[in-house]
Amino acid sequence: MRHDIVIVGAGPAGLSLAHGLVSRGVDALIVAPSGAWHATYGGWRDDVASCELGAPLNALVRGAWSTVRVVGRQEHRLARPYVVFDNERLQASLGAGVRVLDDTVTGVQHDNDTSNVHLRSGGVIHARLVIDATGGGSLLARRGQSSGAQTAYGLVVGDQPDEVPRRAKVEADVFTLMDWSTPPTFLYAARFTDGRVLVEETSLYADPPHDIDNLRARLTQRLGVDGSATAHRIERVNIPMGAPLPVRTTRVVGFGAAAGYTHPVTGYSVAASLRATPRIADAVCQNLAQGRFGSELSLAVWAAVWPAAYVRTRGWHEMGLSVLQSLPPESIGEFFDAFFNLPPEQWGAYLRIDSEPVLVRRAMLGVFRNVRNGVRLRLMSSPGALLRALGAR
Ligand SMILES: Cc1cc2nc3c(=O)[nH]c(=O)nc-3n(C[C@H](O)[C@H](O)[C@H](O)COP(=O)(O)OP(=O)(O)OC[C@H]3O[C@@H](n4cnc5c(N)ncnc54)[C@H](O)[C@@H]3O)c2cc1C
């Protein structure tokens, strides 16, 4: 079997890129074990509204909110709409017309022009380019690794007569992105159009990760009741984070979480993958049309996956994470107050991995200006992080 492009992985990243390639007429095949997506994938509406989703965004969401609530020391009501995808519909829409081979890739070998993709079933597929969208990036190389993660324990419960939504004060039209009233973890909560309610006790990135059973205990303490036994579904979140970006000269090219698209502070990557799809699909088309093969093709596509400017942006994001981690729990609320008191375009730019570095730096300086002296001193005590940001590669 021979294809121009083989994408390994059918999560949001792999499926989005396959959709982008197929709609540009590229011969692309996904190899991945079949399966539904179970996680709750959310993001800011304006980040994803103009992405290539195969259908209007409104038809692909199971919740949309006009207001987002953040509680630090103050309560912020942010007039920036937020959505949560309907996984089944998004999967169907992105997957329309995409060929998926239900198998697992065990390894890839390369000769000058061709990559040979070995399957668990025993077969081999020949491709001009292989994209690793496996989430963990098992086909890529990294200099260094991390044992850190963002973790969360969540309950999906019925609306009535369940006690949990009432105690969590979940409002119908408001998405609670972060309630920091009991640091060092925060509440993430929302009511969906089907009446179900999600309440999730969440930790920011930590190494070692925050224990999920402890998060369950903290959620129970926050609500005064353990809703686990009556919940429709329990969401245990573990998002591996903190690893350096992959080596970007390899023949296999990464995409999505595999390529380090997970935002170092928020743990989000779905919008980043959707937003990057047209850029990378265009680069693939152009380079195939120009007759590129082998390493030359891979390098050109890597440059679209991680343009140099966004690598510098990553350095600033990592610095932001370092300073946030240096804060004592009682200062985290003040930090987020300062962040969300910035003009929306500034904090919005910080939350995207594809923002120009100058915009992310501006947001960080704004936070620095907005916090009190005690917190400012702590922010200044991360010179190592600053150096890493300045030298990000
Ligand atoms: C519970 C949870 C909630 C989250 N919520 C959000 C959110 O609200 N917003 C957000 O932006 N992000 C969220 N994230 C983080 C992140 O966006 C997800 O981890 C996302 O799934 C990453 O997408 P991906 O397509 O890059 O990788 P994945 O979704 O991990 O997909 C990887 C794919 O590769 C396949 N695969 C792996 N190895 C092989 C192999 N060897 N051969 C073939 N196939 C292989 C897998 O079967 C799968 O199909 C959440 C994560 C979790 C766990």
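Modeller: Let's start with an open sheet of 7 strands, in the order β6-β5-β13-β14-β15-β12-β16, where the pairing is mixed. Strands here are DSSP runs of E with at least two residues, helices are runs of H or I with at least four, and both are numbered from the N terminus. Two strands count as paired if DSSP finds at least two bridges between them. Keep in mind that this is a predicted model: local features need pLDDT of at least 70, side-chain atom pairs count only at pLDDT 80 or more, and totals for chains, interfaces and linings use all residues. Residues are numbered from 1 along each chain as its sequence is written, and side-chain values use heavy atoms, with hydrogens and water left out.

Zoom in on one pair. β14 and β15 run antiparallel and are joined by 6 bridges. One detail to find on screen: R191 has V197, in β15, as its bridge partner.

Next, the helices that pack on the sheet. α5 lies across β12 (149-157), β13, β14, β15 and β16, and runs at about 50 degrees to β12. Angles like this run from 0 to 180 degrees between N-to-C directions, and axes are lines fitted to C-alpha atoms, for helices over the stretch in contact. Helix α9 (residues 329-340) packs on the sheet too, touching β5 (67-71), β6 and β13, and its direction makes about 30 degrees with that of β6. Contact, by the way, means heavy atoms within 4.5 Å.

K169 isn't a glycine, yet its phi is positive, near 55 degrees. K169 is also exposed, at 61% relative accessible area. Exposed means over 50%, buried under 20% and partly exposed in between, using a 1.4 Å probe and protein chains only.

Let's step back to the whole chain. The domain assignment gives domain 1 (2-38 + 87-141 + 245-306), domain 2 (149-240) and domain 3 (309-390); such bounds come from an automatic or database assignment. The centres of domain 2 and domain 3, taken over C-alpha atoms, are 26 Å apart. Where these two touch, 7 residues of domain 2 are in contact with 8 of domain 3.

What about the inside? The largest nonpolar core has 66 residues, and I5, Y261, I280 and W306 have the most contacts inside it. Helix α6 (residues 270-289) is its biggest contributor, with 10 residues. Domain 1 and domain 3 both give residues to this core, so it lies between them. Apart from it lies another core of 43 residues, including F175, Y205, F336 and L351. A nonpolar core is a set of buried Ala, Val, Leu, Ile, Met, Phe, Trp, Tyr and Cys residues joined through side-chain atoms within 4.5 Å.

The axes of α1 (residues 12-22) and α3 (residues 87-95) come within 8 Å and cross at roughly 35 degrees. In that contact, P12, L15, S16 and H19 of α1 meet Q91, S93, L94 and G95 of α3.

To finish, here are two residues from other helices. T313, in helix α8 (residues 308-326), is buried at 0% relative accessibility. Beyond its neighbours within four places in sequence, T313 is in contact with R352, I353, S355, E356, P357 and V360. L365, in helix α11 (residues 357-370), is partly exposed at 46%.
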